[in-house]
Amino acid sequence: MTSIETLIARLSTEAKPARPLRTPAYWSIRLLAVLVVYGLATPLLLGLRPDLAVQLTRPLYVLEVAMLALLAASSVMASILAMYPDAYQKPSLIKLPYGMFLVLAAFVAAQSLMPHDERMAIAEQVTHGLECVLCIALVAIVPSALIFAVLRKGASIRPFQAGALAVLSASAIGGLTTRLVEANDSIAHLVAWHYVPTVLFAAIGALIGRCLLRW
Amino acid sequence: MVTGDSKYTVLANLLRCGLEGDQDAYAQFLEQITPLLRRMTGRRLASADVEDVVQEILISVHKARHTYDGKRPIMPWLVSIARFRISDHLRRHYAQMRHQTTDIHELEEILADVTDDTDSHESIDELLKDVPEKHKRILTMMHVEGYTAKEVGKHLDMNESAVKVAAHRAIKKIREKFGT
């Protein structure tokens with residue numbers, strides 16, 4: 001018997017009945033349901049910004065919040081796809097969140113060129129930049145843990161990407177919460193203390209993915 | 001006539017039965033994919049590595065079998081796992097080659113000094129005189145007989161990193177001894 005024949009004999013003897021992993025749609029819907037509840041509850045617990053009603057009349061603010069929600073949702077779906085070795089044969093969808101993030105970043109940056117809107121709340125002194133980073137990070141911990149717990153059920157051949165997407169999604173929820181809680185619409189502040197840290201968190205997520213998603 | 005499509009359908013059915021606990025079907029599935037994996041691996045790797053990598057792929061397919069639900073074509077799933085393991089093997093291979101190159105440079109520096117100072121030590125044997133027997137064996141196998149750290153580990157029943165650490169320590173000891 002050759003070593004491959006021996007191996008096949010061993011593997012087939014070891015093979016117990018295994019329940020196939022559910023579809024990406026199942027996991028995405030289940031995760032998103034939990035994350036939507038979490039994403040709604042967290043800003044309520046932390047306290048909504050006092051001028052939220054005014055901000056919701058501002059299309060650019062609504063669009064930014066909607067794009068953050070879309071980024072979170074698309075990243076969850078993409079990370080779920082990444083837990084299948086073949087990305088459930090939809091590999092192009094894994095790239096979608098990167099595109100979403102670029103559009104969001106360009107959208108935020110473009111606002112600095114637009115005429116100032118009186119309804120925007122600009123903090124006189126930006127002294128709480130690190131607090132925003134901390135808020136995004138703390139809010140992102142629970143979603144990251146949840147997504148990683150699901151990803152570990154699969155067998156990802158893209159552990160870096162899966163990890164980055166999981167944390168990108170969680171950071172988008174953190175960013176969304178911070179935008180609903182903090183009354184500061186300064187574009188420089190948003191770029192420096194919201195979006196750049198989100199990229200850094202995603203990079204850290206890639207490293208975590210490498211460690212946690214080995215198989 | 002058996003077409004490619006029906007062959008893949010058979011493979012998918014065998015794997016599905018395997019997932020339900022049919023060990024014979026699962027063994028057949030693994031047997032049938034082995035020649036495919038050999039061909040695929042043979043195109044990208046040296047023939048000496050093919051059998052090892054095919055075994056690694058089979059183990060990976062076994063570990064990831066629950067990620068196939070039978071609702072999509074089987075070949076892209078199988079090929080993804082195979083490519084992943086082949087790339088993994090190549091990455092390890094090149095990393096090992098880089099590591100070995102460094103070691104050889106270190107040894108060459110030492111050997112150059114040996115030839116400069118012929119009175120005190122004339123041969124590699126003398127150079128290795130005070131090195132523990134196991135370390136001496138490791139150095140000889142790696143740098144004289146040309147084995148890789150992995151192969152030495154297999155031979156001496158040690159893991160690869162332990163072999164590298166032992167080789168490094170032996171070289172350090174020789175350096176210290178001759179003040180290089």
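Residues are numbered from 1 along each chain as its sequence is written, chains are lettered from A and ligands numbered from 1 in the order in which they are written, and side-chain values use heavy atoms, with hydrogens and water left out.

The confidence of the predictor is given as pLDDT, a value for each residue from 0 to 100. In chain A the mean pLDDT is 93, and 97% of the residues reach 70 or more. Among the elements of chain A, the lowest mean pLDDT, 92, belongs to helix α1 (residues 3-14), and the highest, 97, to helix α7 (residues 159-181). Where pLDDT is low, predicted coordinates should not be read in detail.

Chain B has eight helices and zero strands, where helices (H or I, at least four residues) and strands (E, at least two) are DSSP runs, numbered from the N terminus. Read from the N terminus on, the elements of chain B therefore run α-α-α-α-α-α-α-α. Of the 180 residues in chain B, 41% are buried; a residue is called buried under 20% relative accessible area, exposed over 50%, and partly exposed in between, with a 1.4 Å probe and protein chains only.

Over all chains, a search of the whole structure finds 15 salt bridges, each being a side-chain nitrogen of Lys or Arg within 4 Å of a carboxyl oxygen of Asp or Glu. One of them joins E64(A) to R179(A), whose closest N and O atoms are 3.0 Å apart. This pair links distant parts of the chain, since E64(A) sits in helix α4 (residues 59-81) of chain A and R179(A) in helix α7 of chain A, 115 residues apart. E64(A) counts as buried because its relative accessibility is 1%, and R179(A) counts as buried because its relative accessibility is 1%.

In chain B, the side chains of R38(B) and E51(B) meet in a salt bridge of 2.7 Å, N to O. Because R38(B) lies in helix α2 (residues 23-44) of chain B and E51(B) in helix α3 (residues 47-63) of chain B, the pair ties together parts that are 13 residues apart in sequence. R38(B) is partly exposed, at 33% relative accessibility, and E51(B) is partly exposed, with a relative accessible area of 32%. Another salt bridge is formed by E56(B) and R92(B), with the closest N and O atoms 3.0 Å apart. Here E56(B) lies in helix α3 of chain B and R92(B) in helix α4 (residues 74-116) of chain B, so the pair ties together parts that are 36 residues apart in sequence. At 38% relative accessibility, R92(B) counts as partly exposed.

The surface carries patches, made of residues with over 30% relative accessible area and no salt bridge, in which like charges are joined within 9 Å and nonpolar side chains (Val, Leu, Ile, Met, Phe, Trp, Tyr) within 5 Å. V34(A), L134(A), L138(A), I141(A), V142(A) and L146(A) form a nonpolar patch with about 520 Å² of accessible area together, an area that comes from the Shrake-Rupley method with a 1.4 Å probe, where for residues only the protein chains shown count as cover. Helix α6 (residues 129-151) of chain A gives the most to this patch, with five residues. L134(A) is found in helix α6 of chain A, and L134(A) counts as exposed because its relative accessible area is 53%.

Most residues other than glycine have a negative phi. A87(A), although not a glycine, has a positive phi of about 55°, and Y88(A), also not a glycine, has a positive phi of about 50°. A87(A) is placed in the loop between α4 and α5 (96-111) of chain A, and Y88(A) is found in the loop between α4 and α5 of chain A. A87(A) is buried, with a relative accessible area of 0%, and Y88(A) counts as buried at 10% relative accessibility.

Technical notes. Predicted model: local features only at pLDDT ≥ 70, side-chain atom pairs only at ≥ 80, totals over all residues.
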